[in-house]
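I opened my notebook to look at a new model today. Here is what I looked up, entry by entry.

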Amino acid sequence: MNALEGRRALITGGASGIGLATVRLLAAEGARVTIADIDESAGLTAAAEVGGSFVRIDVADADQVRAGFDQAASAMDGLDIVYLNAGAGTGETDIAAVTDERYRRALGVNVDQFVYGIREAVRLMEPDRGGSILATSGLAGLFPYVQDPVYCMAKHAVIGLVRGLGPTLAARGITVNAICPGMVETPLMSAEATAFLSARGFPLLKPAEIAEAALAAITSGGSGECWLCQPGMPAGVLGDGLTLADVEEHVNRMMAVLASPEFPYPKS
Ligand SMILES: NC(=O)c1ccc[n+]([C@@H]2O[C@H](COP(=O)([O-])OP(=O)(O)OC[C@H]3O[C@@H](n4cnc5c(N)ncnc54)[C@H](O)[C@@H]3O)[C@@H](O)[C@H]2O)c1
């Protein structure tokens, strides 16, 4: 039997990149899937591909999250898995140039989403069936990412929320974990940025590799954990035989390349 037979999953940012790869994997593992995204056209296409549903939600909007999660749970007759994955950079390195509007937008998708999404997931998950919540953070949640300090702050915040909630939700039969990928080849990274990094010895991860790690995190039974995904090593839980020191040297070298003035940083 497939690992997720009979499970009902909602994935934000499921229309593209890491989210889309995870939609495909969870569906292949037998889950019914709802894609939640602001990109209606790509979301509908992806939903049709996996025989799932699409709901248009701006995850920064509490009312839309509540209504969209209700709609998904009602269409699938329940909710077992919620993967909060939508995210976007600010496109700005210089804090002096971060306008209020851009700051609020960044916090909406990269921070507010997790409070709104976890709140609604917990409300809709059935205690006797348990549930699994996963949040996408990133290396930027664990290391200084000087190219986008507001994004870096937000990705740290996600980890704080997951760690702070892990034991409490586990006691209610719901796990909540964070996944922390290194650089991944998705539309978030421009082709130029991908080529720049690869040429300097920093190959990007494939979205399908993060999807495999997401599946492992969803089914692990652990809670409040950070799953680290780096090229060339198996994804694993920080603290469980894996420490930041294991990747620090590699990450610091990569961050130095990212911080170089020549790096074609994707503007949002
Ligand atoms: N690509 C990387 O190198 C990388 C590395 C670490 C972490 N991440 C994180 O992974 C996650 C997925 O990124 P990706 O690389 O697959 O990017 P992507 O651009 O391919 O996908 C992001 C998806 O989120 C959706 N989205 C954006 N804002 C939204 C909103 N307000 N409401 C609903 N949907 C919204 C987009 O429409 C898109 O479908 C993000 O949280 C990102 O920060 C990416």
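**Around the ligand**

I began with the ligand: of the 28 residues around it, Gly13, Gly17, Gly87, Gly138 and Thr186 come nearest. A residue counts as near if its C-beta atom, placed from the backbone, lies within 6 Å. I kept in mind that this is a predicted model, where local features need pLDDT of at least 70 and side-chain atom pairs count only at pLDDT 80 or more, while totals for chains, interfaces and linings use all residues. Residues are numbered from 1 along each chain as its sequence is written.

Helices here are DSSP runs (H or I, at least four residues), numbered from the N terminus.

**Two helices**

I then looked up helix H3 (residues 62-76) and helix H4 (residues 100-124), whose axes lie 10 Å apart at an angle of about 35 degrees. The axes are lines fitted to C-alpha atoms over the stretch in contact, and angles run from 0 to 180 degrees between N-to-C directions. In H3, Ala62, Val65, Arg66, Phe69 and Ala73 meet Tyr116, Gly117, Glu120 and Leu124 of H4. Contact means C-beta atoms, placed from the backbone, within 7 Å.

**One tryptophan**

Finally I turned to Trp227. Leaving out residues up to four places away in sequence, Trp227 touches Asn177, Ala178, Ile179, Cys180, Ala213, Ala217, Ala235, Gly236 and Val237.

Conventions: Two residues are in contact if their C-beta atoms, placed from the backbone, lie within 7 Å.
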